[in-house]
Amino acid sequence: MGFLFDSQKGVGLWGGCLRSLLRRKQVDSAHVKANAHHQLAKELSVPHLIAIGVGSTIGAGVYILVGTVAREHSGPALSISFLIAGIAAALSAFCYAELASRCPSAGSAYHYSYICVGEGVAWLIGWALILEYTIGGSAVARGISPNLAFFFGGQDSLPIFLARQYIPGLDIVVDPVAAILVFIVTGLLCVGIKESTLVQGMVTTVNVCAMLFVIIAGSYLGFKTGWAGYGLPTGFFAFGVDGMLAGSATVFFAYIGFDSVASTAEEVKNPQRDLPLGIGLALSICCTLYILVSVVIVGLVPYHAMNPDTPISSAFAEHGMQWAAYIITAGAVMALCSTLMGSILPQPRILMAMARDGLLPSFFSDVNKNTQVPVKSTLATGIGAAMLAFFMDVDQLAGMVSVGTLLAFTMVAISVLILRYVPPDMVPFPSSLQDTIDFVSLQYGVNSQNINVETSDVNGGTSSNLPLLGKKNTVVDYPKIVKQEAQGNYVRNEENRRKIAGSTIAFTCIGAFLLTYAATDLNIPRPVRFTLCGVGGALLLFGLIVLTLIEQDDARHSFGHSGGFICPFVPLLPIFCILINIYLLINLGAATWARVSVWLLIGVFVYAFYGRTHSSLLDAVYVPAAHADKIYRSSGDSLA
């Protein structure tokens, strides 16, 4: 009846499957309140978010990365590589900042994809993020024991109950330290978000102090010795601009972690103000520290003479400061502990968000009444990560971590384009409100057919009394009819604009994929490669021009929670972000994609046999967004 349609009824099997993949949920609002049993504590402010962002981003990798990238790619231009990578990461941060302030609920990229793209894509993003955080946390945990062993005099000097042990029958090396630390972090996260963030802030402070020591002490040594690393005959760009850009692609992954801030959106006191500030300040601090550390270390030791395993400690040792290794190793241990907390923190919230939407069992959506933390999801995450960290050497799986992050970054950028040009114009309602929807639908149906029969003067026009189709005493108000025709033309033009914008966004993404794939895969025959590059570049340029020329949707101003951060330079910034992330995804390698494909295939079966049939939108009735408030007022109830 009227303007409503059901999400599943009236379509065949394949049509129903396709409809389920495309169904989108609503942004949480004053009308749509989370169940009180599922409410998280709103305890976080800007300092907490900075602690989470910096702690999750600056891992021990930077203590090794500077040596590897300088030796193989960037040379003395390492600081420029970090700067370019930081700018590239900032593009994704801008997109995250807008969506996090507009849609401040748990789930991060999964939540945004569900609102803007659809259930199918959102499920794959959430499923990929589960893999990312589980393997990421396990890999970080297994990296702690070698650094911790330094304080005991080496790996063989650790106490027997902490040392790694080889089990011949199973051909595995177990790591008790990794499992113990995962359980400690899990217990801390169960206590409360404010308490765990406070501890993470303290640990991150120790790490930052170690990096400041490297910067200050290293600068003193550099000025004292004349910055030997910058006086080489190879010049500043030892490997050329191409090498410097290749180094940027490598160090880009050192910036992954700020998205953990977005996962805590539901627990932020003032998300419209604090989330963009937290994301921006955390990324700025990380970028500044990375650049300063790289400037100092590359200047102390020639890039070709750097120790690839311990570049910073070795640089100080060459200048007679062997004791500095203890400070640097302490910073590395603290960095790993902080990153471990940042890896385990987001996953329970993603599990909780997916369970709220019915895509996972409700077990994961339970929130403890006392701590207001998803304890069950946190324990499940901790147990899974601890088992992996204890039994498996996850170094070979570490590349899979990047897939989830880059997929999330890509979908967040696409979601910004959708939000600006074709925001969802249909709102899902539970089928229990069918009577209210029918009533409102009937009202709108009657009002749309009601013609004013009174005389009026609109824009200087007058009414004329003329017989209509042989019916006497019928009053026709010509200005009113003209106005209705103008409104009809506007609706048709708006529909055409949305169709053009939606198709252009799709073609832009296809163009970005073709261009980056053809430019990366050197095994493609040259004619085919050039053709694909040309087609991809043309589609990308066409999309940028069309999206720049057509108007953005007026509904973007009222979509979600208004008054927050607005991403600048749309559509250029999101398109550039999509291009960078797709390029990095393609360059992860076939072996990584083969492993990830197995996990994603498992996710497809889980969704097909559970998520699709248990979704909270299974029996939803979709209504035009313009009529949603009327239905809310008529129902008089707050919707879960």
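Thr 378 is placed in helix H16, residues 375–391; helices here are DSSP runs of H or I with at least four residues, strands are runs of E with at least two, and both are numbered from the N terminus. The structure is a predicted model, in which local features need pLDDT of at least 70 and side-chain atom pairs count only at pLDDT 80 or more, while totals for chains, interfaces and linings use all residues. Residues are numbered from 1 along each chain as its sequence is written, and side-chain values use heavy atoms, with hydrogens and water left out. Thr 378 has a relative accessibility of 1% and therefore counts as buried (buried means under 20% relative accessible area, exposed over 50%, and partly exposed in between, with a 1.4 Å probe and protein chains only). Apart from neighbours within four places in sequence, Thr 378 is in contact with Thr 186, Leu 189, Cys 190, Pro 348 and Val 373, where contact means heavy atoms within 4.5 Å.

The largest nonpolar core has 157 residues; such a core is a set of buried Ala, Val, Leu, Ile, Met, Phe, Trp, Tyr and Cys residues joined through side-chain atoms within 4.5 Å. Helix H17 (residues 399–421) supplies the largest share of this core, 15 residues. Another core, of 10 residues, lies apart from it and includes Leu 433, Val 440, Val 623 and Ile 631. Among the residues with the most contacts inside the largest core are Tyr 96, Ile 297 and Phe 316. Residues up to four places away in sequence aside, Ile 297 touches Val 214, Met 306, Pro 311, Ile 312, Ala 315 and Phe 316.

In total, 27 aromatic pairs are present. Rings of Phe, Tyr and Trp (its six-membered ring) pair if their centres lie within 6.5 Å, and planes under 30 degrees apart count as stacked, over 60 as edge-to-face and the rest as tilted. The ring centres of Phe 236 and Phe 237 are 5.1 Å apart with the planes at 90°, so this pair is edge-to-face. Phe 236 is partly exposed at 35% relative accessibility, and Phe 237 is partly exposed at 37%. Phe 390 and Phe 391 also form an edge-to-face pair, with 4.7 Å centre to centre and 90° between the planes.

The structure holds 13 salt bridges, each defined as a side-chain nitrogen of Lys or Arg within 4 Å of a carboxyl oxygen of Asp or Glu. Arg 23 and Glu 119 form one of them, at 2.9 Å from N to O. Arg 23 lies in the loop between helix H1 (13–22) and helix H2 (46–57), and Glu 119, 96 residues apart from it, lies in helix H6. Both residues of the Arg 23 and Glu 119 pair are buried. Arg 498 forms a salt bridge with Asp 553, with the closest N and O atoms 3.1 Å apart. This pair links helix H19, which holds Arg 498, to the loop between H20 and H21, which holds Asp 553. Salt bridges that share partners join Asp 425, Glu 494, Arg 497, Arg 498 and Asp 553 into one network.

Backbone geometry was also examined. Val 570 and Pro 571 are joined by a cis peptide bond with omega of about 15°. Ser 108, a residue other than glycine, has a positive phi near 55°.
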